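Subject: Handover of a structure

Dear colleague,

Please find the structure below.

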Amino acid sequence: MNEGVLRVTEGLPPPAARISLAEEFAQSGVGSVLQQLDDELIGLAPVKERIREIAALLLVDRVRSKFGLASQAPTLHMSFTGNPGTGKTTVAVRMAEILHRLGYGRRGHLVAVTRDDLVGQYIGHTAPKTKEVLKKAMGGVLFIDEAYYLYRQENERDYGQESIEILLQVMENNRDDLVVILAGYADKMDRFFHSNPGFRSRVAHHIDFPDYDDSDLLAIGETMLASLNYKLSSDAKLALGEYISLRRTQPLFANARSIRNALDRARLRQANRLFAEGDRELTLDALTTLEAEDIRRSRVFQQAESNAR
Amino acid sequence: MRITQGCFSFLPDLTDDDILIQIQYCLENGWAVNLEFTDDPHPRNTYWEMWGLPMFDLHDAKGVLMELDACRKIHGDKYIRLSAFDSTHGWESLRISFIVNRPKDEDGFRVARIAGPSRTQRYSVRGYGLDKPEGKRYT
């Protein structure tokens with residue numbers, strides 16, 4: 001009998017032993033994940049902070065299990081709230097990979113769905129549909145975009161409620177199998193959580209995505225262009241800076257998404273300009289550079305001018 | 001009498017962990033996993049009833065195990081088998097099939113002898129359970 005007891009403790013270090021957290025950190029490769037996150041995502045300080053906390057918890061849990069201490073898989077269901085274009089979807093896509101590299105989530109894939117994928121059209125259609133999606137998401141991250149559409153207050157016979165019940169059950173029972181991320185605009189999500197208190201308590205991390213400031217947006221624009229092999233001339237950079245502060249004052253401003261659309265249109269104008277210049281030899285530089293005039297011909301500047309008049 | 005058909009049937013019953021590993025192997029090969037159940041396990045009965053549709057596009061075995069648990073809840077007193085279908089050109093057939101659930105008491109088969117013309121003997125195999133109506137065979 002004594003032997004049995006010995007065997008249990010054999011693999012564990014004696015209680016007095018020390019495990020270096022720094023060493024464990026270096027081994028896990030978490031550092032590079034966080035560094036990459038810092039490099040590739042601009043702004044979003046509260047989001048990065050929360051990811052760092054989760055990483056720390058998972059790491060400490062791993063060390064704890066080496067000492068034979070109880071470590072329960074943490075609840076990682078999250079809710080992302082924020083204005084349009086603040087990077088909720090982008091971060092969710094990253095989150096699947098991050099959690100996988102932190103050693104949480106077996107497959108590291110992301111299944112992105114909206115109400116249409118979860119809720120059926122007639123009685124008895126919803127449950128199989130929701131379960132199908134959940135099965136696909138097992139071992140990875142289930143991202144529910146515009147999650148507040150799941151619950152329609154005005155129609156109490158709406159099938160969304162059925163879907164919510166199945167989701168809640170799986171979120172509770174299969175906590176170590178999948179991570180559910182809900183995303184949506186802040187005010188609507190608040191109402192959603194208010195009418196579904198079960199969701200609020202099962203979601204451990206409520207992360208609010210702040211709006212970007214002008215310099216963040218400029219940096220984001222440059223990153224977007226760099227990934228498409230474009231760059232801004234120094235004049236164009238000034239123009240884009242002005243564009244951002246003007247665009248912000250206009251209605252339907254959607255942060256990074258507005259910038260992406262503006263840059264898409266600037267690329268159109270650049271192509272048009274190159275075409276209009278007629279037959280000449282194009283250099284690599286001409287093909288990759290957006291000039292100030294490509295941006296300044298935007299409607300946003302014209303409107304600002306006419307307002308000033 | 002213990003029914004032996006499909007893979008692993010001469011081994012002790014697979015645990016859920018064993019089943020998980022097998023399913024994951026199937027999924028990693030891109031096969032569609034499928035659950036079927038029956039209370040007529042005659043070797044020539046190829047028409048088992050399907051539990052839902054074959055599961056395509058899964059990444060993780062846990063999703064299949066969820067379905068298996070649901071199936072066991074309702075058909076726990078019957079035979080359940082798990083099979084994986086390979087859809088690649090040239091194969092287009094089952095690549096693996098094994099029993100994942102058995103009734104508590106397996107009553108097995110009896111041999112019936114039928115006398116033919118002159119001294120011919122014909123044989124047929126018939127499950128004892130089949131005398132009872134469907135749904136009551138293993139309860």
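Two residues are in contact if their C-beta atoms, placed from the backbone, lie within 7 Å. Helices (H or I, at least four residues) and strands (E, at least two) are DSSP runs, numbered from the N terminus.

This is a predicted model, in which local features need pLDDT of at least 70 and side-chain atom pairs count only at pLDDT 80 or more, while totals for chains, interfaces and linings use all residues. Residues are numbered from 1 along each chain as its sequence is written, and chains are lettered from A and ligands numbered from 1 in the order in which they are written.

**Helix pairs in chain A**

In the pair formed by helix H7 (residues 126-137) and helix H8 (residues 160-173) of chain A, A:Thr126, A:Ala127, A:Thr130, A:Lys131 and A:Leu134 in H7(A) meet A:Glu162, A:Ser163, A:Ile166, A:Leu167 and A:Val170 in H8(A). By class, this contact of H7(A) with H8(A) has 5 nonpolar, 3 polar and 2 charged residues. Here Ala, Val, Leu, Ile, Met, Phe, Trp, Tyr, Cys and Pro count as nonpolar, Asp, Glu, Lys and Arg as charged, and the others, Gly among them, as polar. The axes of H7(A) and H8(A) come within 9 Å and cross at roughly 35°. Axes are lines fitted to C-alpha atoms, for helices over the stretch in contact, and angles run from 0 to 180 degrees between N-to-C directions. The crossing of H7(A) and H8(A) is right-handed; a crossing is left-handed if the near helix is turned anticlockwise from the far one by less than a right angle, and right-handed if clockwise.

A second pair consists of helix H11 (residues 214-227) and helix H13 (residues 255-276) of chain A, whose axes come within 10 Å and cross at roughly 50°. H11(A) and H13(A) are therefore oblique to each other, since angles under 35 degrees count as roughly parallel, over 145 as roughly antiparallel, 65 to 115 as roughly perpendicular and the rest as oblique. H11(A) passes H13(A) in a right-handed crossing. From H11(A), the contact takes A:Leu217, A:Ile220, A:Gly221, A:Met224 and A:Leu225, and from H13(A) it takes A:Asn255, A:Ala256, A:Ile259, A:Arg260 and A:Leu263. These divide into 7 nonpolar, 2 polar and 1 charged residues.

A residue is buried if 20 or more other C-beta atoms lie within 10 Å of its own, exposed if 12 or fewer, and partly exposed in between. Leaving aside neighbours within four places in sequence, A:Ile259 is in contact with A:Leu217, A:Ile220 and A:Gly221. The C-alpha atoms of A:Ile259 and A:Met224 are 9.2 Å apart, although 35 residues separate the two along the chain.

**The sheet of chain B**

Chain B contains 2 helices and 6 strands, in the pattern α-β-β-α-β-β-β-β along the sequence. Buried residues make up 28% of its 139 residues.

In chain B, 4 strands form an open antiparallel sheet in the order E2-E1-E3-E4. The edge strands are E2 (49-50) and E4, each of which pairs on one side only; two strands pair if DSSP finds at least two bridges between them. E1(B) and E2(B) are joined by 2 bridges, and B:Glu36 stands opposite B:Met50 in E2(B). Helix H1 (residues 16-28) of chain B packs on the sheet, touching E1, E3 and E4, and its direction makes about 135° with that of E1(B). Helix H2 (residues 61-75) of chain B lies across E1, E3 and E4, running at about 5° to E1(B).

Strand E3 (residues 79-86) of chain B is mostly covered, with 6 of its 8 residues buried. E3(B) pairs with strand E1 (residues 32-38) over 7 bridges in the antiparallel sense, and B:Ala32 stands opposite B:Phe85. Another 7 bridges join E3(B) to strand E4 (residues 93-101), also antiparallel, with B:Ala84 opposite B:Ile96. E3(B) and E4(B) form a hairpin with 6 residues between them, and B:Gly90 in the turn has a positive phi of about 100°.

**Between the chains**

The contact takes 9 residues from chain A and 8 residues from chain B. On the side of chain A that touches chain B, there are 1 nonpolar, 3 polar and 5 charged residues.

Yours sincerely
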